[in-house]
Amino acid sequence: MRGWAVLPLCVLAAGARAADPATENSSTPEEKFLSIAEVAADKKAFHEREFCVAGKSSTIFKKYSRKGNHYYTVWLQEGGAKLKVFAFGFPDFKEGDLLEACGKFSLEKWVSGRVFYEELAARSVRKAGPARAGEADVSVSSAARKAARH
């Protein structure tokens with residue numbers, strides 16, 4: 001009898017943690033673009049904050065995790081400042097492309113016993129379009145759509 005009472009609570013708790021894919025990869029109208037120089041100048045002020053940045057891509061590393069998940073890191077540059085961006089999937093851009101990335105910045109993040117320093121964990125990365133008056137209009141990249149299908 002005791003096991004039956006616990007089971008529904010576990011099922012409810014698991015359901016509460018499930019993310020809604022429709023909202024997980026979208027940005028809100030309040031989300032502003034920050035300059036990479038602004039973030040680089042005071043990284044502690046942006047720790048665990050969500051924001052968007054835009055810059056020229058350089059040094060793309062395509063990898064896969066120990067669990068077999070494809071991911072990549074890319075450096076975004078704006079003037080003399082740069083910021084490392086992490087994202088799951090396959091990049092649909094090349095070095096030198098102008099990109100927009102939105103996500104959560106961390107000074108230090110531990111994942112499976114590994115430590116990652118000063119990077120933006122992007123929920124979306126895409127080629128930059130026309131200027132946006134400081135607001136994000138970000139959609140899921142084709143790389144993220146491909147990864148979600150598999």
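In this predicted model, the loop between α3 (36-41) and β2 (50-64) holds glutamate 48, a residue whose phi is positive, at about 65°, although it is not a glycine. Most residues other than glycine have a negative phi. With a relative accessible area of 39%, glutamate 48 is partly exposed, because that value falls between the limits of 20% for buried and 50% for exposed. Threonine 59 also has a positive phi without being a glycine, here of about 50°, but its place is in strand β2. Its relative accessibility is 34%, and threonine 59 therefore counts as partly exposed.

Of the 150 residues in the protein, 31% are buried, while the accessible surface comes to about 9,700 Å², with 57% of it belonging to carbon and sulfur atoms. When contacts between residues at least 6 apart in sequence are considered, 54% of them join residues at least 24 apart.

Strand β2 also takes part in a covalent link. The protein has one disulfide, formed by cysteine 52 and cysteine 102, with the sulfur atoms 1.9 Å apart. This pair links distant parts of the chain, since cysteine 52 lies in strand β2 and cysteine 102 in strand β5 (residues 98-111), 50 residues apart. The torsion about the S-S bond of cysteine 52 and cysteine 102 is about 105°, and the disulfide is therefore right-handed. Cysteine 52 counts as buried because its relative accessibility is 0%, and cysteine 102, at 0% relative accessibility, counts as buried as well.

Which other residues tie strand β2 to strand β5? Among the five aromatic pairs of the structure is that of phenylalanine 51 and phenylalanine 105, whose ring centres are 6.2 Å apart and whose planes meet at 40°, so the pair is tilted. Phenylalanine 51 lies in strand β2 and phenylalanine 105 in strand β5, so this pair ties together parts that are 54 residues apart in sequence. Phenylalanine 51, at 2% relative accessibility, counts as buried, and phenylalanine 105 is buried with a relative accessible area of 0%. Together with Phe46, these residues, Phe51 and Phe105, form one aromatic cluster.

Another aromatic pair, that of phenylalanine 86 and phenylalanine 88, is edge-to-face, with 5.0 Å from centre to centre and 80° between the planes. Phenylalanine 86 is buried, its relative accessible area being 16%. Aromatic rings also meet lysine side chains: lysine 63 lies over the face of phenylalanine 61, at 5.4 Å from the ring centre, and lysine 82 lies over the face of tryptophan 75, at 4.6 Å from the ring centre.

The strand pairing of β6 remains to be described. Strand β5 is joined to β6 by twelve bridges, and the two run antiparallel; within this pairing, the bridge partner of serine 106 is glutamate 119 in β6. The hairpin of β5 and β6 has two residues between the strands, and serine 112 takes a positive phi near 50° in this hairpin. Strand β6 (residues 114-127) also pairs with strand β4 (residues 81-88), in the parallel sense and over three bridges, where valine 85 stands opposite leucine 120 in β6.

Notes. Residues numbered from 1 in each chain as written. Predicted model: local features only at pLDDT ≥ 70, side-chain atom pairs only at ≥ 80, totals over all residues. Heavy atoms only, no water. Helix = DSSP H or I, 4+ residues; strand = E, 2+ residues; numbered from the N terminus. Buried < 20%, exposed > 50% of the residue type's maximum accessible area, 1.4 Å probe, protein only. Disulfide = S-S within 2.5 Å. Contact = heavy atoms within 4.5 Å. Areas by Shrake-Rupley, 256 points an atom, 1.4 Å probe, with all protein chains shown as cover. Pairing = 2+ DSSP bridges. Phe/Tyr/Trp six-rings, centres within 6.5 Å; stacked < 30°, edge-to-face > 60°. Lys NZ or Arg CZ within 6 Å of the ring centre and 35° of its normal.
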